[in-house]
Amino acid sequence: RWWYVKMPIWHLRKLARISVVVNDNLSISLLVQNFFLPWHRDYSMMGYIFGLLIKILYLPIALIIYLLSVIVYITIILIWLILPVGTLTFIFTSILR
């Protein structure tokens, strides 16, 4: 019960927390909401061009980092769930040989 019920729930809560922290640190949602605003509220043409350019370059990198962190933690959760079954499988196959 602890391994397959309580800990997956704990891991999913941790995944949600990791998602929020990475999003906050990389400011992904904030940059998407303010995508067309000029850089540092400089309302000249250069502020608009520079703001769009920086956001276009930064957002794909931030999204890749975000997705990698989520995928790595999901992989850890799946390894956690498969570990007991895999251990028993290796034990029984080594005994039967």
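Arg41 sits in the loop between α2 and α3, where helices are DSSP runs of H or I of at least four residues, numbered from the N terminus. The model is predicted, so local features need pLDDT of at least 70 and side-chain atom pairs pLDDT 80 or more, while totals for chains, interfaces and linings use all residues. Residues are numbered from 1 along each chain, and side-chain values use heavy atoms, without hydrogens and water.

Arg41 is not a glycine, yet its phi is positive, about 60 degrees. Arg41 is partly exposed because its relative accessible area is 48%; buried means under 20%, exposed over 50%, and partly exposed in between, with a 1.4 Å probe and protein chains only. His40 is in the loop between α2 (28–33) and α3. His40 also has a positive phi, of about 50 degrees, although it is not a glycine. At 69% relative accessibility, His40 counts as exposed.

Elsewhere, Trp10 lies in helix α1 (residues 2–26). With a relative accessible area of 41%, Trp10 is partly exposed. Trp10 and Phe50 are 40 residues apart along the chain, and their C-alpha atoms are separated by 42 Å.

Leu96 belongs to helix α3 (residues 45–96). Leu96 counts as exposed because its relative accessibility is 74%.

How values were computed:
Helices (H or I, at least four residues) and strands (E, at least two) are DSSP runs, numbered from the N terminus.
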